[in-house]
Amino acid sequence: MKDTPLSNCERQFLLKAVEEKKRVDGRQTYDYRNIKITFGTEYGCCIVDLGKTRILAQVSCELVPPKDSRPTEGILFFNLELSPMASPAFELGRQSELLVKLNRQLERCLRNSKCIDTESLCVISGEKVWQIRVDVHVLNHDGNLMDAASIAAIAALSHFRRPEVAIQGRDITVFTPEERDPIPLSIYHMPICVSFAFFQQGTYLLVDPCEREERVMDGLLVIAMNKHREICSIQSSGGIMLLKEQVLRCSKIASVKVSEITELINKALDNDKRARKEGGKFGFAESMPKERITALKKDEAPVEMTDVQDTANEIISRTEAQPDIVKVPSPVVPAPGTGQVGEGLLNTWGLEEEEDEEEEQHEKEEMSTGEVMVLSDSEEDDVVILNPDANKPKRLEGGSKKGVEAPKKQKTSH
Amino acid sequence: MAGVELLSDQGYRLDGRKASELRKVQARMGVFAQADGSAYIEQGNTKALAVVYGPHEVRGSRSRTMHDRAVINCQYSMATFSTAERKRRPHGDRKSSEMSLHLKQTFEAAVLTQLYPRSQIDIYVKILQSDGGNYSACVNAATLALVDAGIPMRDYVCACTAGFVEDTPLADLCHAEESGGGTTLALALLPRSRHIALVQMDARLHQDHLDMLMEAAAEACRGLSKVLDGVVRQHLQEVSVLTRD
Amino acid sequence: MAADMRLPTAGEQISSSSLSLLDGKHLVVPGDVITSDTGFMRGHGTYMDEEKLTASVAGEVERVNKLICVRPLKTRFNGEVGDVVVGRITEVQQKRWKVETNSRLDSVLLLSSVNLPGGELRRRSAEDELSMRDYLQEGDLISAEVQSVFADGALSLHTRSLKYGKLGQGVLVLVSPSLVKRQKTHFHNLPCGASIILGSNGYIWLYPTPGQQDEEAGGYYTSMEPVPLSDREVISRLRNCLLVLAAHKILLYDTSVLYCFESSLSHQIKDILKPEVMDEIVMKTRQRLMEQEG
C-alpha cells in the first residue's frame, strides 16, 4: 500500500509551524521526544521507544569461519527490517530506498567506527570467529527511525553476553550460561545518531523530526557521535544545500544530545544489571503484564493548562491524605531496567536559545513535579524516571478544548 | 592502518603527493554519440564513465511522474573487473544502491529540475577502475555529462574526498589510504556558492577537527572545479569552432 | 582474406587561427555570471542567483534587445509552432497518439488533427476512434507539423496536409536537432534521385522519390513494392553523407547534403565513413559551400 499523501493544508500548517519555531507535539526546536529503553529477559534484547517510534533490537551470535581478508577478526552483521506492521507504507521483501539508507547508516555508524573490539571475537585465527548479528525491527514508525535504531542497536550490543568458549587443541567447547557465566562484548565507545531535519532550503532546523515533520522536510543530516565528542559518521541526504557552518553547528548540538543519551543508556544498563544481580524481576517479564494496551497512550492526553494550579492542589491534597497508597505517575509502569527521559515538555537539554516562555514552563512544571515523585516506597527501587512529570498538563495548540482532564492516576498495590 | 605510514616525516604520502595535492585529473566530454550527454573522467587510477539520457517522458512506472519537476534516476555500477577482487554483481548490492541514492540526491540539489515537469533524467555511471574516491569520480563525471547534455544546473557539482592523518588533512584519498580505516570525508560542493550538496563521513574524528577537514575537502573540490571548468571550456570552444558557420 | 586495418589518429587540435573565429562569441559555463545588471530579462538557459543573471548551461550567449538566453551546444528538441518533425508512434490512447519526437516529453497527435481517408471535412465518429490503430499503430513513423506547444513543453502535432502522414519505405537518420537548419521547406526531392525530409527534431527521413500522389489513401497507404537497387544505393550514400556532415557539425540543408553527396561520388559507399575519406569529403563540401556563399 502506498502511503497516503499529506494534504496541502497539513503541509502548509506544518511548514508554518516550523517557521514560527513551534512543533505539533509542543516540543522546542532542539528537543528530543521521550526516550525509554527496556531490556528483555534474555541478554542482548532491547526495546527503544522514542515518542511513538518503537524499535526492537536483538543480538545473537554464532561461530563461523572468518572472512579471508580478515582472519583474526570477528564479524559484525546488521540487519534492519521495516515490517508492514510499523507503517502501511512499508512493503515486505522490497529493498526500498529508506531501507537501504537506514541499513547502510547503521553499518556505517556502528561497524566503521570500530566501536566493538572485533579482534576479541576471534576464537581460532583463520578458522572460527564469532559472528555477532544485530537484528533491528521497526515496530512502530513515527519518524526518526535512524536515531531510535542506533540507540537500540548499541544498547542491545552493550547488554549482550556471548557464551564462553574453551579451546583444547582444535576442539572448541561452548559453555552454556549455567556452566560458565557468559562474557560481555568489549565496547570501546557508543556511537549514537542524531538526526537534523532541514526545512525551507536549510533555513530552519529541527532535532528528532516526527513522522509528520519528516514528510514535509527538505533534507536530513544525520550525525553519529560518541560521548568523547568524536564524530563517527556524517551523512546528508535529500537534496539540500548546506553550508559548512550549518554542519559544524549541528555537530555541536549533536555532542550535547549524545552525552545525554549515553548517560541514559548507561543508567538503563545499570538498572538492569542490578535487577538481575538482586534476583528481582527484570526484563519484559516484569513490564508486560502491566503494559495494558488500552492504557498505553493515556499519558499523551493533552490537557489544558489554564487551571493547572487547582488541579495540582487537588492532587496534592489527595496524595497527602493517602500516603500509604503508591501512586504511579503513569498507567504505564516502567519496569526495572528502564530509563526514561524527557517526559513532558521540560526541556532538559537547555541550549543556547533559552526562551522566556520556557522559563514560565519550568515554574509550572516544578509545581506539578513535586507531588508525583512517589515511587520510592515501592519495592521496585530501581525504577528511574528522570522527569517523572509524565502527565504534567500539556498546553493545547489552539486552546480550544474546554474542560480539564485530570491527570490520571492509577493505584497499584504491591 | 598497521605498519603503513600514510604520511612520511617529510610530509609525503604513499604515492609521493603532498598532503593537499590532488591526483591527476583527465576528462573528456561527449564520448558517446547515442546518449544526450556523456563524459569520461580519470582521477589518478580511478576511472569513471557517465551517460545522461533525457529529459524524456517517464518510462516504466508512471506513478513516479512529478507534476512540478523532473525525476532524476541514477544507477551506479562497478565493472566486474574494476577492483582487485573480481566483483560478482556489477550493481544491486547494498553499497551500490546506496551510492545510486547518494548520486540522485546530489544532483537533485544541483539540477534545475523544476524546468522539466513530468519528465525524467537518467544518469548512469560506471566505475571502470576503482582506486579510491569512487563517489567523487562519479559525481564529477556525471556533472560533465549533464553539461554535455545541455541540462540546466545551478553550478558544477564537484566532489572530492579528504582524510585525516596525524592532525593533517589529506586531499583526494587513493584506495590504499581509504582502506586503512581512517577518517574519510566525501564532499560534493557547488564551488561558487560554497553550498554543500552532500556530505558523508566515516570513522572517528574529533569534533574540533571537523572544521579543518571540511575546509580541506572544500578546497580540494574547488581545485577540481577549476580542472572541470577547463575541460568544459575547451570542449565548448572545439565544438563552437566546428559550427562556426 | 585482406583485412582493413587502421590506426587511430590523434584528435585535431584547434589552432590559434581558428580560435580567433570565436572572438565575437560569448561562451559561458554553468554558474558563470553573465551580467549583474538588473535591466535584462532572463531567457532560457539562465537563472537569477542573488540578483545576478547566471548561466545554467554551457553554450553561447544570445542577446535579443533586453532578453538574454544561453543556447546550449547540444540539447533535446525544443519545438516551435510550424516546425516539421519526423516521429515514431509510441502509444495509442483515447482520441490521440503519443509520438516520440526527441523532445523532452512525448508529443501528442490528436485524432482531430489528422486527415482521415475520404476527405478533409469528414466527421470523426466513434468507429474512427476504435479503428485508430488501423491508421497508425505503435512503431509507425510519421512526418508532421507542430500545431501548438503545451505549457509543460509537450508538443501537439498535426498532419492536416497531404505532405504529412505515415512514412513507408526509407531510412531514418538521427542527428542532433541543432544541426538541422530551419528553412522554408524541409521536404526536398534531391536531383540525385531520392527525397529527404529534414525534421527539425533531428530525425531525417530518406526515401525514394514517389511517383504520383495517391489522393484517396490520404497518407495512410504505404507502397511495399521493391525499390530498385539504384535508388537504394543513392539512399545509402545519402545516409552516410548525413552522418559525415553530422560528425563534423556542418548544418544540414538541401544544398549542403547535395554538395556532400556529389563530393562523395569518387568513393565507394562503404568507404565514406572512414575517417580520412570523411575529412576529404568534408573539406570539399566546405569549400563548395563557401564558394556558393561567396
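Two strands pair if DSSP finds at least two bridges between them, and helices (H or I, at least four residues) and strands (E, at least two) are DSSP runs numbered from the N terminus. With those terms in hand, one can read that Gln235(A) stands opposite Gln200(B) in β9(B). This is a predicted model, in which local features need pLDDT of at least 70 and side-chain atom pairs count only at pLDDT 80 or more, while totals for chains, interfaces and linings use all residues. Residues are numbered from 1 along each chain as its sequence is written, and chains are lettered from A and ligands numbered from 1 in the order in which they are written.

- An open sheet of eight strands, paired in the antiparallel sense, runs in the order β12(A)-β11(A)-β13(A)-β14(A)-β9(B)-β8(B)-β6(B)-β7(B).
- At the edges stand β12 of chain A and β7 (168-171) of chain B, each of which has a single partner strand, so one side of each is left without a neighbour in the sheet.
- Inside chain B, seven bridges link β8 (residues 184-190) to β9 (residues 195-206) in the antiparallel sense, and Leu187(B) stands opposite Val199(B) in β9(B).

**Contacts between chains**

- The contact between chains A and B takes 29 residues from chain A and 25 residues from chain B, where two residues are in contact if their C-beta atoms, placed from the backbone, lie within 7 Å.
- On the side of chain A that touches chain B, the largest share, eight residues, comes from β14(A).
- The residues on that side of chain A divide into 10 nonpolar, 12 polar and seven charged; here Ala, Val, Leu, Ile, Met, Phe, Trp, Tyr, Cys and Pro count as nonpolar, Asp, Glu, Lys and Arg as charged, and the others, Gly among them, as polar.
- For the other pair of chains, 28 residues of chain C are in contact with 32 residues of chain B, and the side of chain C that touches chain B has 14 nonpolar, six polar and eight charged residues.

**Nonpolar cores**

- A nonpolar core is a set of buried Ala, Val, Leu, Ile, Met, Phe, Trp, Tyr and Cys residues joined through C-beta atoms within 7 Å, and a residue is buried if 20 or more other C-beta atoms lie within 10 Å of its own, exposed if 12 or fewer, and partly exposed in between, with C-beta atoms placed from the backbone.
- The largest nonpolar core has 165 residues, and those with the most contacts inside it are Ala152(A), Ala50(B), Ala141(B), Leu144(B) and Leu187(B).
- Helix α4 (residues 207-242) of chain B gives the most to this core, with 12 residues.
- A second, separate core of 48 residues includes Ile89(C), Tyr164(C), Ala246(C) and Ile250(C).

**Chain C**

- Chain C has six helices and 17 strands, and of its 294 residues 36% count as buried.
- In helix α5 (residues 254-263) of chain C, the buried residues include Ser256(C), Val257(C), Tyr259(C) and Phe261(C), and the buried residues of α5(C) pack against β16 (194-198), α4 (229-247) and α6 (275-293) of chain C.
- Three strands of chain C form an open antiparallel sheet in the order β2-β5-β4, with β2 (33-35) and β4 (46-49) as the edge strands.
- Two bridges pair β2(C) with β5 (residues 52-55) of chain C, and the bridge partner of Val33(C) in β5(C) is Thr54(C).
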